[in-house]
Amino acid sequence: GTDTRKEKTETVKGVGKKRDSMLAKASLDTCEDMLYYLPRDYEDFSKITPAAALEDGEGSALVRLSEEARVAYPRRGFSLVSAAAHDETGKVKLLWYNQPFRKKQLKAGAVYLVYGRLVKKGRSVQFENPEIEEAENLGEGVSPRGILPVYPLRAGVGQKTMRTAARACLDALGGLLQETDPGPLREQHGLVEINYAFANITFPGHEDDLELARHRLSMEAVL
């Protein structure tokens, strides 16, 4: 059969000509290029919590910005960006210290995935210096409730395009990548199957799945 690894991203359902031309500038012409262009980091939105249930510690929420973000300068050399947000269960405050650029990133009425340190004060709760992703920029076919890849960016290609193309290539491959290593060798080294590895290095189901995928792909060149 046809080796989908070599398939041009332009022909993959969900990519299309516009995204393909952007990917081409970044020398990502085929599904194989996309799969081997590994994420540099991940954002964990797998444990999204309703605003009313957020507690001290680390956490993530899917919230809508209630109003325009504000920036204040309480003292010289110190800035504070604040924004009110909510979901159907309650309210949450977003705060960033010495990150005035955040004000321009935030749009009133937009929905964001928020992840980071939480501080509860009485009945109110606030995120302090959280990571944020606008929900509509995640990528087509990409679930907002999961561990999201963060790619090293080339030639101005954004995360949304990268994630959309990666998701489309994985769907096109349909778990039919040919195994490159014999079964006994994989068992000897405790390695997962190749389709599982690429699926979970791109969109990990869990941190354990990501570690297994990393181990397998780090051994690709060795075996």
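**Close-up views of a predicted model**

View 1. By class, 6 charged, 3 polar and 3 nonpolar residues make up the lining of the largest pocket. The volume of this pocket is about 270 Å³. Strand β7 supplies the largest share of the lining, 4 residues; the elements that give two or more residues are α3 (102–105), β7 and α4 (159–173). Among the lining residues are Glu 43, Arg 102, Tyr 112, Glu 131, Asn 137, Val 150 and Lys 160.

**View 2. The stacked pair of Tyr 37 and Tyr 151.** The whole structure contains 4 aromatic pairs. In the pair of Tyr 37 and Tyr 151, the centres lie 6.3 Å apart, with 5° between the planes. Tyr 37 belongs to the loop between α2 (31–36) and β1 (41–44), and Tyr 151 to the loop between β8 and α4, 114 residues apart. Both Tyr 37 and Tyr 151 are buried.

**View 3. The edge-to-face pair of Phe 45 and Tyr 115.** The ring planes of Phe 45 and Tyr 115 meet at 80°, and the ring centres are 6.3 Å apart. Because Phe 45 lies in the loop between β1 and β2 (57–65) and Tyr 115 in strand β6 (residues 111–121), the pair ties together parts 70 residues apart in sequence. Phe 45 is buried, with a relative accessible area of 1%, whereas Tyr 115 is partly exposed at 28%.

**View 4. Surroundings of Arg 145.** Arg 145 occupies the loop between β7 (124–134) and β8 (147–150). With a relative accessible area of 52%, Arg 145 is exposed. Leaving aside neighbours within four places in sequence, Arg 145 contacts Phe 45, Ser 46, Ile 48 and Leu 62.

Terms used:
Residues numbered from 1 in each chain as written. Predicted model: local features only at pLDDT ≥ 70, side-chain atom pairs only at ≥ 80, totals over all residues. Heavy atoms only, no water. Buried < 20%, exposed > 50% of the residue type's maximum accessible area, 1.4 Å probe, protein only. Contact = heavy atoms within 4.5 Å. 1 Å grid on protein atoms, 1.4 Å probe; cavity = no way out; pocket = protein on both sides within 12 Å on 5 of 7 lines; lining within 4 Å. Points joined across faces, edges and corners; volume = space filled by probe spheres on them. Nonpolar A, V, L, I, M, F, W, Y, C, P; charged D, E, K, R; others polar. Phe/Tyr/Trp six-rings, centres within 6.5 Å; stacked < 30°, edge-to-face > 60°.
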